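Work through the exercises below with the sequence and the 3D structure at hand. Try each task before reading its solution.

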Amino acid sequence: MENITKRDGFNSKWGFILACIGSAVGMGNIWRFPVMVSKFGGMTFLLPYFIFVILIAETGVVEEMALGRSAQAGPIGAFAHTCEVGGKNRKIGEILALIPVIGSLALAIGYTVVVGWIFKYTYLAFTGKLSSMGQNMNLIGETFGNTATSFGNNFWLIIALVVSFIIMALGVADGIEKANKFMMPALFILFIGLGIYIFSLDGARHGYKYIFTIDPYKLKDPLLWIFAFGQAFFSLSIAGNGTVIYGSYLSKDEDLVSAAKNVAFYDTIAALLATIVIIPAISVGGSQLDVGGPGLMFIYLINVFNSMPGGIFVGIVFYVCVLFAGVSSLINLYETSVATLQEQFKMTRVISVSVIGAIGIMVALCIQGIIEPWMDAVSIYACPLGAALAGIFFFWIGGKKYAEAAVNEGAGKSIGKWFVPAGRYIYVPLALIALVAGAVLNGIG
């Protein structure tokens, strides 16, 4: 099998880190994280969230990076490699690796629909059409309704995919790395500027007060801890695919533990920036944050932006930030499938991108009317199962010596003896718990 790093790879440590941050910073940070912070009481939610981010970064993120780098391949090659190391049949790994590969493609296709919405709303923000709606909730809701219906946003959906696949066709170093080197710093700078502006408005302080308030009684609620873990798990983009494939492009001289810490840190900062923009903004508008998902970003916040001074400017900056977050995540989600075609069928990168792009466009156009159940099914079942499988193959099938050697290669300081036990007995069980809890909560809902 052709070694993927000979074909392409990241040119620098920070190029890799920014690409991983781009894969992690997505809709979960922007439309779900602020809702969770609001729903469970500010710092009351943030405390368990920070605990889980540290745990997952130190185990799952490091593990998936090391899994890809050690095999110099995506999930199929990486799972098969650990089987060889552990004395098992390669076919076991290759077959089970199809779960995260297919899951990544399904999630990417669903995400394409959402990123298509973002492209449209960024255009509407720049042209002033969002601000012209004022606070007419019927008009705002009707606009999104027309966008989110079946075949309701064909043009912008195709634009989203074309932009993403042009970047991917340019390669890992010349496309993905360079794009993220621009988009991620720009996203943080714009969000910081937006946060400073919101801070200057009357009423914002009530939002900050709420964010940094802690309620000891609510910490006893098991649901708080379940949702905090789920948010940390998905925010860090752990699903046995995207981080694995990015890890396979990384030099063996790089320190994975340090890289994982940087990814977790900046992903958390992005989520916090979104929170200190959205919750104080809604406070400025004199309302409560009581809606999440698409309704928050494409209906409720438009009304809030249009009610505040400089709302047209706020809307433009906000949707540009969301656009960068969406495109960077979409690229990562599709990369697993593109790399799989390269590895398994010896296709060139351009042909692989074209094949996956054609599949993505055809399916995404057809699922526009059922995007919510599509995304729920993939995120609740395929993602945690893929993450659990990657952890099982790395920590259990590959074995202790393999896991430690894979992580410590290129490290300035060897990882502690706690790493493998923590991965085996804490991280993998938690990933399985996330699968079961998500299924149960979805059934209850």
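**Exercise 1.** Does Glu177 count as buried or exposed, and at what relative accessibility?

*Solution.* The model is a predicted one, and the step needs one cut-off, namely that buried means under 20% relative accessible area. Glu177 has a relative accessibility of 1%, and therefore counts as buried.

**Exercise 2.** Find the salt-bridge partner of Glu177, and describe where the two residues lie.

*Solution.* Glu177 forms a salt bridge with Lys181, and their closest N and O atoms are 3.4 Å apart. Both residues belong to helix α10 (residues 172-199), where they lie four residues apart, about one turn of the helix. Lys181, with a relative accessibility of 39%, counts as partly exposed, whereas Glu177 counts as buried.

**Exercise 3.** Examine Glu404 and Lys400 in helix α19, and work out how far apart they are along the helix.

*Solution.* Glu404 and Lys400 are four residues apart in helix α19 (residues 400-408), so about one helical turn separates them. They form a salt bridge whose closest N and O atoms are 3.1 Å apart. Glu404 is buried at a relative accessible area of 14%, while Lys400 is partly exposed at 38%.

**Exercise 4.** Which residues are linked with Arg90 in a network of salt bridges?

*Solution.* The network links Arg90 with Glu84, Lys91 and Glu94. In total, the structure holds seven salt bridges.

How values were computed: Residues numbered from 1 in each chain as written. Predicted model: local features only at pLDDT ≥ 70, side-chain atom pairs only at ≥ 80, totals over all residues. Heavy atoms only, no water. Salt bridge = Lys/Arg side-chain N within 4 Å of Asp/Glu carboxyl O. Buried < 20%, exposed > 50% of the residue type's maximum accessible area, 1.4 Å probe, protein only.
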